[in-house]
Amino acid sequence: MPEEHPENAPLMPAPDTLASKHRHPILAQPPDRLLDLQLAAREHIAAGVTAVLQSVEFNWGEAGVARGTRGLLKLNQFDGYDCSSCAWPDPDGHRSIAEFCESGAKATASDADVRACGPEVFAKYSLAELSQMPDRDLNNLGRLTHPMVKRPGGTHYEPIAWREAFTLIANKLNGLASPDEAVFYTSGKVPNEPAFLFQLFARQFGTNNLPDCSNMCHESTSSVLAETLGLGKASITLNDFYLSEVIIIIGQNPGTNAPRMLSALQKAKQNGAKIISINPLPEAGLDHFRQPQDFKNPLKAIPTLLSAGTPISDVFLQVKLGGDIAVLRGIMKHLFEAESYNPGAVVDRPFIEEFTSGFAEFEENIRSTSWEEIEESSGLNRFQLLEAANIIAPKQKIITCWAMGVTQQKQGTEVIKEIVNLQLLKGAIGKPGAGTCPVRGHSNVQGDRTMGIWEKMKDEFLDALKKEFGFEPPRAHGYDVVKSLRAMVEGKVKLFFSLGGNLLSAAPDTELIADGMRQLQTSIFVATKLNRGHLTTGDTSLLLPTLAHVDIDMQKSGHQMTSCESTTGVIGQNKGVLAPLSDQMLSEVAIISATAIATLGDRLKGDWVAMTENYDLIRDHISRVVPGFEDFNEKLRQPGGYYLPNGPRVRKFKTTDEKAHFSATKLEPTKLEPGQLILTSLRAHDQFNTTIYENNDRYRGVFGERRVLFMHHEDARERGLQARDRVNITSHYEGQQRTAEQFLVVPYDIPRGNVGAYFPEMNVLVPLSSVVPVSNTPTSKHIVVTVAKAPAVVQHAELV
């Protein structure tokens, strides 16, 4: 399979986004029916008693009091299970009895749901009827309980026996003209053990087509950190936050996306750290934080309730979308100026000389950038940037955190290079209280990559697989997410096997992707709950119910545990505590193993029956294949797990020259035509990734509706728009247009020329061809759009 530079890939066609929902009875997009928008002032304080009450109410409503409470009390505990939400690390030492946040409580409640989405539900509703439901209602149908199949020409999912399902999958896989006609996709919630088996099966089958959600989130991070520091992961531990002097948060909203991070930030502030936040929108979690744990202590509860909470940001830089490189360059330009007045006090030259390369080119790049360029691109003036630089200048214990607001913008990889530049300039790598912290999203998205879920694993890993299992793994690089989707549209992929996730809704260019998925011969979905991605299918489609993190996984050798890797590289155990809702649910390990046995038969290498009966045997294999997992079973049983080796943390850089690399980045300001704006995707507070719990966004003051467009009030006024006006949004890319209909204007504190909308509703506007160079990540944080008032609503007969 030839290697293809993403920025040089041919332009994909633009789908007819306006006609598609009337042409296809099964909707790929969420229905555009408007609900009941209620607006309130945005909140300035994250968490607090409201978060506690919301967590308990949602949990008990989904799972019941007894089941829900037991699930929460074992969440993130030494002898419990890992949260299926974000990958924020747990404390190494003492853990609270309530070691979870509002997002984690909602994810757990959804997993512990007592409602059954079984054969009766699928008999009642056709796929077309299900697609007319909002995403929240699909999730609220409950846990999948039985294996189901949609046969060629069918309109409903129907029950199928497990044995027949595995035989059907085997026949479909073995009937392909080439193994590369199959794509094996992995969600970030999948633990290490099934992830290892999934990639092992795919490679024994004969393909490296192993895309995963990392391709759409932190692929930009992994690409840059591997090149500049020698490891594509965080270089800090949780304890480093408590020792830091400065924490920079750029392109991240911790209050919604990683709420437990706020506890670390609060403790850092109490220890004297300063926090600089760089973000287009002011967010409650960047403003103030009330510690929910305080409400368990009567002596703290009332003072906490009456206070405004802990102020988080000492400096808030409200950057324009795409202006982050300019912000970082401006700060470093000030730092070089400060160094000229205070030689040796600002720039860590001993560190630079001993541990780095490329400094001269980097310095020239910063010094040659004009303040006019910086101010125009960032939307900030040099004096605002000086305030941040003055905080940083005398300090060396600096941590920079970032997430999708960086990785999914047009220059995502360049921004991360600039982040690394700043850390290296200050010698803030490989010392207590300092380092890089990409904040990972899903619970094991980082661990899946460690286990080999990657389309271009290095030869060292493949050689170890060969030695351990006695087969020759394929060496040609496979498809990542964007290349997989392109191949579907072009008819090159015939079978799609999804281990968790909701690729249709998570990916860009919704209608184009749907066209590709409708061309598949076979789609296979291993899932805990129904989502929109299960409805737009291949000719034959299987929906296979599996266990969640919270479920007890009982196999022949007893109660099994799995493992996950946190943002900071800690491997901890995951052991479910609730009885599964149905005896027809199988573990991910059991489903993968049965599929492998049925498909490969005598060609299969390894004792897959034994590995299914006892997951320790999987870990024994991992210990001999994956570096850092020696004595895996023993280490995993230590309270709290253990840290993987981390070179940058000890100033060991496994790069080509064994040095950390400075980079001379490119600054490419966005050029807009009159009337155009830059759109960014946003996550509401009541959602996790593509899973919608409620149609609210409490922190931003939006209730009862998701089809909203956040606009600066002057941008709205110029277009003759007011709050709650209905608008259509059209994206513009390389002469192509895509339109999303029926959004409501919400005036908001966002920079002029920028707008924001929730995903997955806005994903239809993101062209599949618009990707970040090098990482091939879709640019969901940087889309050129125009906005126009929507015409009067035309009532269409509902398609069923």
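**Domain interface, buried positions and salt bridges**

Apart from neighbours within four places in sequence, Leu197 is in contact (heavy atoms within 4.5 Å) with Val589, Ile592, Ser593, Trp608, Met611 and Ile618. The model is predicted, so that local features require pLDDT of at least 70 and side-chain atom pairs count only at pLDDT 80 or more, whereas totals for chains, interfaces and linings use all residues. Residues are numbered from 1 along each chain as its sequence is written, and side-chain values use heavy atoms, with hydrogens and water left out.

Leu197 is located in helix 9 (residues 192-205); helices (H or I, at least four residues) and strands (E, at least two) are DSSP runs numbered from the N terminus. With a relative accessibility of 0%, Leu197 counts as buried, a class defined as under 20% relative accessible area, with exposed set at over 50% and partly exposed in between (1.4 Å probe, protein chains only). Between Leu197 and Ser377, the C-alpha to C-alpha distance is 46 Å, at a sequence separation of 180 residues. Asn140 occupies the loop between helix 7 (135-139) and strand 4 (143-144). Asn140 likewise counts as buried, at 19% relative accessibility, and its contacts, neighbours within four places in sequence excluded, are Glu62 and Arg115.

The domain assignment divides the protein into domain 1 (6-46 + 674-789), domain 2 (49-214 + 444-642) and domain 3 (219-438), the bounds coming from an automatic or database domain assignment. The centres of domain 1 and domain 2, taken over C-alpha atoms, lie 29 Å apart. To the contact between them, domain 1 contributes 38 residues and domain 2 contributes 44 residues. About 3600 Å² is buried between domain 1 and domain 2, with carbon and sulfur atoms giving 56% of this area; buried area is the accessible area (1.4 Å probe) that two parts lose on being put together, summed over both.

Between domain 1 and domain 2 there are four salt bridges, each being a side-chain nitrogen of Lys or Arg within 4 Å of a carboxyl oxygen of Asp or Glu. A salt bridge also joins Lys106 to Asp686, with the closest N and O atoms 2.1 Å apart. Helix 1 (17-23) and strand 27 (691-692) are the elements that give two or more residues to the side of domain 1 touching domain 2.

Over the structure, 44 salt bridges are present. In one of these, Lys21 pairs with Asp32, the closest N and O atoms being separated by 2.2 Å. Lys21 belongs to helix 1 and Asp32 to the loop between helix 1 and strand 1 (38-39), so the pair ties together parts 11 residues apart in sequence. Asp32 counts as partly exposed, at 21% relative accessibility.

A salt bridge between Arg349 and Glu339 has its closest N and O atoms 3.7 Å apart. This pair links distant parts of the chain, with Arg349 in helix 17 (residues 349-355) and Glu339 in helix 16 (residues 324-341), 10 residues apart. Arg349 is partly exposed at 32% relative accessibility, whereas Glu339 is buried at 7%.

Asp463 and Arg475 also form a salt bridge (2.9 Å, N to O). Asp463 lies in helix 24 (residues 459-469) and Arg475 in the loop between helix 24 and helix 25 (481-489), 12 residues apart. Asp463 is partly exposed, at 39% relative accessible area, as is Arg475, at 32%. A network of salt bridges links Asp459, Asp463, Lys466, Glu472 and Arg475.
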